[in-house]
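This short report goes residue by residue. Please view the model alongside the text.

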Amino acid sequence: MSEIFDPLSRPVMAAGRFILWLVWEVVVLWVPWYVGWPVWRVVTLGRFPETAAGDQEEASTLETMLVWGLGFLILCGVAWLVAKPFSSA
């Protein structure tokens, strides 16, 4: 019976993998970078990060981790603040 659904399931699985990859790239890799980058620039008065906002691939590992980590923490804090009124029952 699984032989009948195999040709149908392969494109569905491929589409699902593509969607998961796209969500990972955008939500986990790009968004925290673009949130953390301007915050670091303001806090360090334009000295850090040395890499331009659109050159994420050119950044060093430490620079990437600091910018991404701050962006991720900010996003988690915003999500927590937005969800807080809904959780108090």
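## Thr51

Leaving aside neighbours within four places in sequence, Thr51 is in contact with Trp37, Glu58, Ala59 and Glu63. Contact means heavy atoms within 4.5 Å. Thr51 sits in the loop between helix 1 and helix 2 (61–87). Helices here are DSSP runs (H or I, at least four residues), numbered from the N terminus. Thr51 counts as buried because its relative accessible area is 11%. The cut-offs are under 20% for buried, over 50% for exposed, and partly exposed in between (1.4 Å probe, protein chains only).

## Basis of the model

This is a predicted model: local features need pLDDT of at least 70, side-chain atom pairs count only at pLDDT 80 or more, and totals for chains, interfaces and linings use all residues. Residues are numbered from 1 along each chain as its sequence is written, and side-chain values use heavy atoms, with hydrogens and water left out.

## Arg41

Arg41 belongs to helix 1 (residues 2–43). Its relative accessibility is 27%, so Arg41 is partly exposed. Beyond neighbours within four places in sequence, Arg41 is in contact with Gly46, Phe48 and Pro49. The Arg41 side chain reaches the backbone oxygen of Pro49 at 2.6 Å.

Arg41 and Ala53 are 12 residues apart in sequence. Their C-alpha atoms are 10.0 Å apart in space.

## Trp21

Trp21 also has a place in helix 1. Trp21 counts as partly exposed because its relative accessibility is 47%.

Key. Helices (H or I, at least four residues) and strands (E, at least two) are DSSP runs, numbered from the N terminus. A polar contact is a pair of N or O atoms within 3.5 Å; within protein, one must be able to donate a hydrogen and the other to accept it, and residues adjacent in sequence count only if both atoms are side-chain atoms.
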